[in-house]
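Subject: Structure handover

Hello,

Here is the structure I promised to pass on. My notes follow below it.

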Amino acid sequence: MSGDRLSTRFAACAAQGRAALVTFVTAGDPDLATSAEILAALPGAGADVIEIGMPFTDPMADGPAIQRGNLRSLAAGTTLRKVLAMVTDFRKADDATPIVLMGYFNPLLAFGPERFAAAAKAAGIDGCIVVDLPPEEAGELAPALAAHGLHLVRLATPTTDAHRLPTVLSGASGFLYYVAVAGVTGANSAAATDVAEAVARLKASTSLPIAVGFGVRTPEQAAAIATHADAVVVGSAIVDAIGAAAEERANDIPARVAAQVAALAQAVRTARTEKAA
Amino acid sequence: MNAPTGSLRAGPDANGHFGEFGGRYVAETLMPLILELEQAYIAAKADPAFQAELDDLLKHYVGRPSPLYFAERLTEELGGAKIYLKRDELNHTGAHKINNCIGQILLARRMGKTRIIAETGAGQHGVATATVAARFGLPCTIFMGARDIERQAPNVFRMKLLGAEVKAVESGSRTLKDAMNEALRDWVTNVHDTFYIIGTAAGPHPYPELVRDFQTVIGKEARAQILEREGRLPDLLVASIGGGSNAIGLFHPFLDDKDVRIVGIEASGKGLTTHEHAASLAGGRAGVLHGNKTMLLQDEDGQITEAHSISAGLDYPGIGPEHAWLHAIGRVEYQSATDTEALEGFQLLCRTEGIIPALEPAHAIAAVARIAPTMAKDQIIIANLCGRGDKDIFTVAAALGVTM
Ligand SMILES: Cc1ncc(COP(=O)(O)O)c(C=O)c1O
């Protein structure tokens with residue numbers, strides 16, 4: 001592989017003694033052109049890893065903010081093919097920032113798992129998170145992703161007990177995504193102590209980096225998670241801000257997102273030193 | 001697909017698959033819950049006390065067995081095969097939905113769950129769920145599409161009278177599929193105390209199996225009743241299909257009787273050539289939604305498209321996975337009936353038999369009206385009259401241009 005962008009990036013953040021910031025935006029939200037500009041602005045603002053949501057009509061695991069982002073994107077005509085083209089463009093200027101696609105299985109199945117894996121690799125995508133594809137059903141997608149050197153990122157949750165964890169970890173790669181609260185995206189935040197405990201428990205069973213998401217909205221919350229986890233994921237707060245700006249018909253949406261991400265990045269980068277001081 | 005050897009009633013396999021369909025496509029948060037439900041169901045099935053309590057409630061609370069009624073005037077009018085109606089519209093709450101709700105709430109109690117949620121389209125499943133929740137003193141929240149709330153006002157009021165909270169779902173097409181999304185979101189948020197009573201033979205394993213099992217009381221009774229009345233099995237079974245629970249309930253006990261022709265009726269709305277229909281077998285492709293792989297109405301990008309039917313209970317872009325499989329192997333034949341045909345079937349049954357059917361089984365009656373005249377007079381049809389039509393009189397009046 002031309003260097004595995006995910007492991008390279010996680011190793012670099014670890015070497016700096018800090019957590020990585022993972023930002024989530026829905027592709028094509030509020031429209032493809034603006035979305036491409038947002039994407040291009042994220043690394044400079046301090047996003048270490050980018051998660052891109054593939055829009056779906058029925059995002060069952062998402063709360064209102066990301067549901068609306070999905071609908072804005074679909075209304076603007078986003079398709080999986082256009083999402084892949086957007087990433088291809090992004091890679092012309094940035095070959096280092098890892099990109100993980102996140103979404104639901106049906107659009108991938110309709111595209112065709114093998115065709116999707118080949119196209120995603122060619123576009124410069126590093127891995128996928130498929131929310132409604134538990135390990136038991138992964139057989140239809142996992143081999144195609146593996147054959148093209150793409151990671152299939154697994155999720156652990158507060159309901160993942162010791163009995164379930166080995167199933168989740170078998171075949172996990174890239175990083176492990178810890179869903180900090182039982183619920184949909186945009187829910188209330190988890191207590192930092194619970195997260196610390198969960199991360200410690202997961203670390204005992206895997207050497208993969210652990211990213212914690214769901215319910216992380218503010219720089220303060222991000223900093224609290226960043227003292228324990230290898231990465232912090234922020235999604236709904238950014239998607240909410242994009243939605244609000246789109247509603248006002250603002251023409252500086254990428255700059256606003258960049259400012260929001262910069263504040264999150266600042267908090268994540270200094271979290272451990274602040275705590276130690 | 002290769003025709004399976006052995007019994008057609010043996011599915012699903014250990015992972016909840018019927019051929020390529022079914023499975024457990026849910027968020028990881030729900031996986032331990034679904035596995036726990038499966039274990040609880042296996043234990044309940046093996047427990048004679050569970051079956052005894054279920055049987056007792058079905059008899060004394062629901063009013064089973066439901067009659068198998070010879071529809072003499074309908075038979076005369078159509079001039080062909082003898083038509084029997086399985087009268088599940090006479091159940092407490094007026095539809096087959098309660099058969100399943102009783103079974104699931106007993107499971108919920110066994111599992112120590114203290115809160116009930118459900119989705120509903122026509123409101124029949126919502127009413128049945130609110131009913132059993134009241135009967136067992138458990139708080140209950142029903143998710144219902146805002147559009148369905150408008151067209152099923154009497155059932156919304158019934159649910160409220162029964163003490164349920166009815167949450168209007170404003171997302172997406174504001175119908176059944178969106179209500180199911182919202183119920184899944186609630187479930188994932190309240191996994192520890194909440195039991196989700198799914199209303200049709202769809203969703204992640206083990207739901208398609210357990211809903212089917214609780215509904216097969218329909219087919220088991222019908223089989224015994226027709227053997228007693230006619231001394232032989234029927235030539236044809238007909239049932240309407242939304243998610244497919246009333247249909248699989250009637251069909252399943254007959255699947256291995258090769259001489260019994262079985263026909264399921266999807267709702268073709270304004271016609272299969274329009275995009276306004278709910279026939280996911282006739283007009284859909286295999287895909288994944290709401291926890292199972294099945295046939296779905298979707299565009300070429302895998303986005304789910306909106307279904308349409310005059311009947312809120314059939315207005316769903318998917319179908320239970322066992323039907324998708326029975327379709328693929330060719331054991332069950334699937335046809336459809338339009339809104340207009342269903343309205344004709346509705347009026348036909350009112351006029352000939354003095355029975356006001358729900359708009360859902362009116363689709364089955366429409367198919368019977370089409371098929372019976374092509375059959376011999378000594379042949380026998382059983383149609384599933386799975387719901388009564390009181391809830392639909394406003395919709396029918398509007399469709400017929402009558403102001404009430
Ligand atoms: C009377 C009646 N029949 C049929 C249906 C459709 O569901 P199913 O296909 O699961 O029987 C409904 C759903 O609300 C209903 O109320």
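First, a term: two strands pair if DSSP finds at least two bridges between them. Helices (H or I, at least four residues) and strands (E, at least two) are DSSP runs, numbered from the N terminus.

Two notes on the source. This is a predicted model, where local features need pLDDT of at least 70, side-chain atom pairs count only at pLDDT 80 or more, and totals for chains, interfaces and linings use all residues. Residues are numbered from 1 along each chain as its sequence is written, chains are lettered from A and ligands numbered from 1 in the order in which they are written, and side-chain values use heavy atoms, with hydrogens and water left out.

The sheet in chain B

Chain B has an open sheet of four strands, in the order S1-S2-S12-S11, with antiparallel pairing. Strands S1 (17-18) and S11 (285-289) of chain B stand at the edges with a single partner strand each, so one side of each has no neighbour in the sheet. S11(B) pairs with strand S12 (residues 291-296) of chain B over five bridges, in the antiparallel sense. There, B:Val288 stands opposite B:Lys293 in S12(B).

Aromatic rings

Rings of Phe, Tyr and Trp (its six-membered ring) pair if their centres lie within 6.5 Å; planes under 30 degrees apart count as stacked, over 60 as edge-to-face and the rest as tilted. The count is 11 aromatic pairs over all chains. One of them joins B:Phe50 and B:Phe214: the centres are 6.4 Å apart and the planes at 45 degrees, so this pair is tilted. B:Phe50 lies in helix H2 (residues 48-62) of chain B and B:Phe214 in helix H9 (residues 207-215) of chain B, so the pair ties together parts 164 residues apart in sequence.

B:Phe50 is buried at 5%, and B:Phe214 is buried at 7%. With B:Tyr41, B:Phe50 and B:Phe214 form one aromatic cluster.

Charges over rings

A charge sits over a ring if NZ of Lys or CZ of Arg is within 6 Å of the ring centre and within 35 degrees of the ring normal. B:Lys82 lies over the face of B:Phe70, 5.1 Å from the ring centre. The charged end of B:Arg135 sits over the ring of B:Phe136, 4.6 Å from its centre.

Chain A

Chain A has 12 helices and nine strands. Buried residues make up 60% of its 277 residues.

Best wishes

Technical notes: Buried means under 20% relative accessible area, exposed over 50%, partly exposed in between (1.4 Å probe, protein chains only).
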